[in-house]
Amino acid sequence: MGAAAIELTDVRKVYRKNRIEIPVLEGLDLRIESGTFVVLMGPSGSGKSTLLHLIGGLDQPTSGRVRVGDYHLEEMTERELTTWRSRHVGFIFQMYHLVPVLTAAQNVELPLLLFRMSAAERRERVRTALSVVGLEDRMDHRPNQLSGGQEQRVAIARAIVTDPEVILADEPTGDLDAQTSEGILNLLNLLNTDFGKTILMVTHDPKAAAHGQRTLHLDKGVLERDTMHAPRAAAAASVN
Amino acid sequence: MALPFSYHWRNLLVRKTTTGLNILVVAAVVGVFCWLIGFAGALHSSLATASDSRKLIVLKSGATSESNSAIRTDEYNKLNQIAEVERLPGSGAPLISPEMIVQVQLPRVRDQGTTRANVGVRGVTETALQVHRNIKVLGRSFAPGAQEVIAGVSAAKQFGGLEIGETIHLGYASDRPYRIVGYFSAAGGPLESEIWGYLPSLMNAYNRAMYSSASMLLQPGAAAEPVITQINGPAIQLKAQTEAQYWSEQAKNIRIYLNITYVLVAIMSLAAIFSIANTMFSSVAGRTREIAMLRTIGFSGVQILTGFLLEAVMLSLLGAVMGCLGCAAWLATVGRTKDMFGATTFTSLAFEIQLTPMIILAALGCVALVGAVGALFPAWRAARVQVVTALREA
């Protein structure tokens with residue numbers, strides 16, 4: 001067993017709405033090894049996105065501990081979490097969330113603006129990230145000039161441009177057709193196998209889940225099943 | 001590092017209609033602001049240049065201006081006893097200028113003579129040029145006893161019929177018109193809006209036996225206050241004021257006009273603030289997911305707030321540039337000279353409105369502030385977007 005990239009200990013998350021407590025996660029214990037591709041599945045309201053948000057430092061647990069790398073997120077302030085996110089986590093969203101008025105290159109560059117870095121170095125990093133996702137020839141295109149799959153690739157380039165240890169993907173293929181989804185999933189496989197990224201992906205699609213090495217099934221805030229798969233061959237990770 | 005400039009610029013461009021409307025609102029405020037400040041500055045500098053600290057204006061006790069003042073010769077003669085008055089070397093004659101002011105209606109040049117305005121006609125003696133030290137005669141002055149007058153450069157510019165060689169009818173001497181023989185300047189002061197002629201001739205033309213006022217030049221270093229007390233006192237019983245006090249009182253109604261305009265500009269600025277606030281609110285509402293994404297990837301609330309403030313300031317500054325250009329175009333088209341009535345003389349006082357770099361800088365500064373104030377609450381709201389909630393709504 002490798003070093004744990006992510007470790008959750010007895011994590012509870014309760015939302016309060018009109019004085020009513022809604023438990024979302026119930027004493028979750030989880031350990032994700034560094035460099036694994038983990039798929040998170042479960043019905044709506046099972047706590048998948050909440051778990052992703054806790055690991056991504058976007059939300060704090062009601063109780064319990066969340067460690068990512070050397071950082072205990074439950075002990076950090078909002079400001080510390082903001083800085084931590086910019087350096088250690090890459091986010092991929094279902095709806096891409098690209099800035100429509102910026103080009104692909106400018107969208108990818110956004111996280112780098114938070115680093116002390118020369119413009120030349122930023123440009124170089126952006127070019128590298130876009131070439132990893134196979135879009136170096138679309139650098140100057142705006143989101144409305146790209147297909148859905150290309151937009152998601154730009155979003156992936158934005159997520160990896162800072163070279164984070166962990167990538168969190170919330171239904172990254174939820175808005176794409178089967179063929180395009182396959183390309184995106186292969187790309188995630190590539191990031192996992194060739195670049196050693198720890199990936200945690202939420203999905204409803206069993207076919208997408210097959211790309212991971214481990215599948216966690218959540219239901220009503222409880223980890224119901226934890227299944228290990230044979231790792232997919234890196235050769236399958238065609239990015240085109 | 002903040003969000004890139006192009007991000008804000010393009011966000012303004014994609015909202016063409018609201019951006020355009022905001023620019024128009026701000027441009028209107030800035031245009032009026034520039035004109036107003038230019039006018040206030042012209043008024044201030046005109047009155048400042050008109051004010052000679054060594055000069056006193058003497059009126060009839062109880063009079064508020066030269067036009068409702070009448071000084072008898074015996075009253076005027078009492079002024080000669082004042083020791084602090086400057087005297088001519090040699091003759092020792094006191095530098096006191098007896099003067100009479102009347103009005104004549106002349107057609108305005110700016111509307112091709114459709115409307116007419118009152119222009120002050122001042123009867124003076126040779127002493128006047130030594131008492132009013134900022135007067136410079138351009139060309140020839142009127143000859144004592146001749147039917148001649150000289151026109152102030154500002155009056156000549158604003159009113160028709162004041163070209164050299166032209167004649168005007170003054171008083172009851174309609175069969176003997178006065179010829180314009182020269183111009184005079186008064187360092188931009190209000191006297192430049194007048195016509196000057198020889199005092200005895202004009203008194204005769206208007207059938208006057210009394211002076212309107214007397215202007216006197218004090219010796220260098222002489223304090224004005226004791227002299228004013230002496231003139232206002234029982235021995236002389238006239239009313240003396242420093243020149244600064246006199247012109248300040250004459251410009252009172254112009255100041256009221258300016259104050260009303262200041263209030264209007266303040267109201268317009270409020271409208272601009274609300275307009276910008278409204279635009280920024282809708283901009284924030286339309287970009288909630290974008291803001292949530294930016295917060296997710298590590299931009300802080302302060303950076304988001306600063307970004308939205310910057311966007312509003314950019315929007316305002318675009319309007320400000322348009323407003324300054326509009327004001328400059330207006331002044332170039334309509335002319336920089338603005339004439340207004342004095343509070344009590346009912347004669348026209350003209351001012352040259354200047355759109356100076358300082359005014360433009362002040363306008364840009366004020367407008368940047370208006371933009372920032374308008375965007376403050378929407379920007380604060382943007383900075384406090386609940387990231388998790390916004391991402392879920394996506």
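Which element of chain A gives the most to the lining of the second largest cavity? The answer is strand 6, with three residues. The model is predicted, so to speak of local features a pLDDT of at least 70 is needed, side-chain atom pairs count only at pLDDT 80 or more, and totals for chains, interfaces and linings use all residues. Residues are numbered from 1 along each chain as its sequence is written, chains are lettered from A and ligands numbered from 1 in the order in which they are written, and side-chain values use heavy atoms, with hydrogens and water left out.The structure holds six cavities of 30 Å³ or more. A cavity is a set of points, on a 1 Å grid over the protein atoms alone, where a 1.4 Å probe fits but cannot get out, and its lining residues have an atom within 4 Å of a point. Grid points are joined across faces, edges and corners, and a volume is the space filled by probe spheres set on the points. The second largest cavity contains about 70 Å³ of space. Its lining consists of A:Arg85, A:Ser86, A:Val89, A:Gly90, A:Phe91, A:Pro111, A:Arg158, A:Ala159, A:Thr162 and B:Ile297. Two or more of these residues come from each of helix 2 (78–88), strand 6 (89–92) and helix 5 (148–160) of chain A. Helices (H or I, at least four residues) and strands (E, at least two) are DSSP runs, numbered from the N terminus. By class, the lining has five nonpolar, three polar and two charged residues; Ala, Val, Leu, Ile, Met, Phe, Trp, Tyr, Cys and Pro count as nonpolar, Asp, Glu, Lys and Arg as charged, and the others, Gly among them, as polar.

B:Ile260 counts as exposed because its relative accessibility is 51%, where exposed means over 50%, buried under 20% and partly exposed in between.

Charged pairs come next. Over all chains, the count comes to 25 salt bridges, each a side-chain nitrogen of Lys or Arg within 4 Å of a carboxyl oxygen of Asp or Glu. In chain A, A:Arg16 pairs with A:Glu21, their closest N and O atoms being 2.8 Å apart. A:Arg16 counts as exposed at 58% relative accessibility, whereas A:Glu21 is partly exposed at 46%. A:Arg65 forms a salt bridge with A:Glu74, with 3.6 Å between the closest N and O atoms, and A:Arg65 is partly exposed, at 38%.

In chain B, the side chains of B:Glu86 and B:Arg54 meet in a salt bridge (3.3 Å, N to O). This pair links distant parts of the chain, 32 residues apart: B:Glu86 lies in the loop between helix 3 (73–78) and strand 2 (96–107), and B:Arg54 in the loop between helix 2 (16–50) and strand 1 (55–60). B:Glu86 is partly exposed, with a relative accessible area of 22%, while B:Arg54 counts as buried at 17%. Elsewhere, A:Glu7, A:Arg31, A:Glu33 and A:Arg67 are joined into one network by salt bridges that share partners.

Two backbone angles complete the picture. A:His97, a residue other than glycine, has a positive phi near 55°. A:His97 lies in the loop between strand 6 and helix 3 (104–109) of chain A and is buried, with a relative accessible area of 9%. B:Gln237 is not a glycine either, and its phi is positive at about 60°; B:Gln237 lies in the loop between helix 7 (224–232) and strand 10 (238–242) of chain B.

Methods:
On a 1 Å grid over the protein atoms alone, a cavity is a set of points where a 1.4 Å probe fits but cannot get out, and a pocket is an open set with protein on both sides within 12 Å along at least five of seven lines; lining residues have an atom within 4 Å of a point. Buried means under 20% relative accessible area, exposed over 50%, partly exposed in between (1.4 Å probe, protein chains only).
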